[in-house]
Amino acid sequence: MSSFISDHEYRTGASRIVVRLVHAVTLLLLVLFGLGPLFWMLKGALTSPAEMAADPLALWPQDPRWENFGIALGQLQVGSYLMNTLWVVIGSWAVQLIVAVTAGYALSVLRPRFGGVVYAAILATMFVPYTVSMVSLFMTVVDLPLLHVNLANTYWAIWLPAGANAFNVLLAKNFFDTLPRELFEAARVDGASTWTILWRIAMPLSRPILAVVSLLAITHAWKDFIWPLVVLTEPSRQPISVALVNLAPQAPQDVLIATMLMALLPPVVLFLFFQKQIVAGLGFTGLKG
C-alpha cells in the first residue's frame, strides 16, 4: 500500500485512519494552493476599489459587481484583444508543431549524414539568451533575407520565429527515439514512403508528445509580452498580454482584475481538458515539475 507502512499495519483501523487523514490534508492543501489565487482574483474582479481599500482581507464582496466583465469586454475592447491573442496562439502553435515533428522525425528516424551536427547546432541555440538574439531577430523580421519583405506589424513576425524552438525539437526527437525502429523498417520493406511512415505510423503514436508540445507552444504564445510588444506597434493587432499594460493606467482596479482573469482562464481550461494527454506526454519525455 505504501512505502511508509506495511500492508499489515495498513489493515489496522488506526493506521488506515491516519493514512487517509494525511491524504485528505495533502489534497486540501494542493487545492488551496492551486485554486486560491484564482479565487482571490475573482474576488478582486467583483470588489469595488472602495470596498477593497476598506476591507482587503474579506473573503467575498458585499456587493459583487459582475458587470465588470461586461465593462471589460465592451468599453475596454478586451474581446478584440483576446481574438488577436487567439490568432497569435493558433499560428505559433501550428508552426512550432510542424517544425518540432518534422525536425524530430528527421533527426531520429531518417538520420541524415550530418544529422548529429545539425542537432548539436539546434541545441546550441538553447544556450543563447533570448535578449541577445532579439536585435538580430528584429532586423531579420523587418528585412526578410532574399525576399526583402517587412513582416513588422504582421502576425507572421511572431509565427515564424516561434518555430525556432530548440526545446520542442529536443522533446520530439527524444520521443521518436523511444519508438521501435522495427515499425519503420517494416514499413520501408512494404514500400512506404517517408511521408507515409510519418503520417501513418509515427503521428498516431505521437499523441502524448504532440500534447506536450502543444501545451508549451500555446502557453508561451499566450503569455509572451516582449516580442509582440516589439513587432506589433499597432494597438489594433496587439494581444492581451501587451494590451494589459496599456489598459492599466486608464481602467479601474476591479475592471482591470476582471480583464486579467479573462486572460488567465483560457490556458487553465485548456489544461483541464487535456491533462491526461499532457501528463502522459510528460512521462514519455522525462520532464519533472
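A pocket, in what follows, is an open set of points on a 1 Å grid over the protein atoms alone, with protein on both sides within 12 Å along at least five of seven lines, and its lining residues have an atom within 4 Å of a point. This is a predicted model, where local features need pLDDT of at least 70, side-chain atom pairs count only at pLDDT 80 or more, and totals for chains, interfaces and linings use all residues. Residues are numbered from 1 along each chain as its sequence is written, and side-chain values use heavy atoms, with hydrogens and water left out.

Confidence comes next. The average pLDDT (the predictor's confidence in each residue, from 0 to 100) is 87 for the protein, and 91% of the residues score at least 70. Helices here are DSSP runs (H or I, at least four residues), numbered from the N terminus. Where pLDDT is low, the predicted coordinates should not be read in detail.

Now the largest pocket. Its lining has 30 residues, and Tyr130, Pro161, Ala164, Asn165 and Ala166 lie nearest the centre. Among the elements giving two or more residues to that lining are H5 (78–110), H7 (130–142) and H8 (156–162). H5 gives the largest share, five residues.

What holds the largest nonpolar core together? A nonpolar core is a set of buried Ala, Val, Leu, Ile, Met, Phe, Trp, Tyr and Cys residues joined through side-chain atoms within 4.5 Å. Buried means under 20% relative accessible area, exposed over 50%, and partly exposed in between, with a 1.4 Å probe and protein chains only. The largest core has 24 residues, of which Phe69, Leu76, Val78 and Ile240 touch the most other members. H15 (253–273) is one of the helices that supply at least two residues, and the largest share, seven, comes from H15. Leu76 is in contact (heavy atoms within 4.5 Å) with Ile71, Tyr81, Leu247, Ala251, Val255 and Thr259, leaving aside neighbours within four places in sequence.

Last, two backbone angles. Most residues other than glycine have a negative phi. Gln77, in the loop between H4 and H5, has a positive phi near 55 degrees, and Gln77 is partly exposed at 49% relative accessible area. Leu146, in the loop between H7 and H8, has a positive phi near 70 degrees, and Leu146 counts as exposed at 80%.

Technical notes
On a 1 Å grid over the protein atoms alone, a cavity is a set of points where a 1.4 Å probe fits but cannot get out, and a pocket is an open set with protein on both sides within 12 Å along at least five of seven lines; lining residues have an atom within 4 Å of a point.
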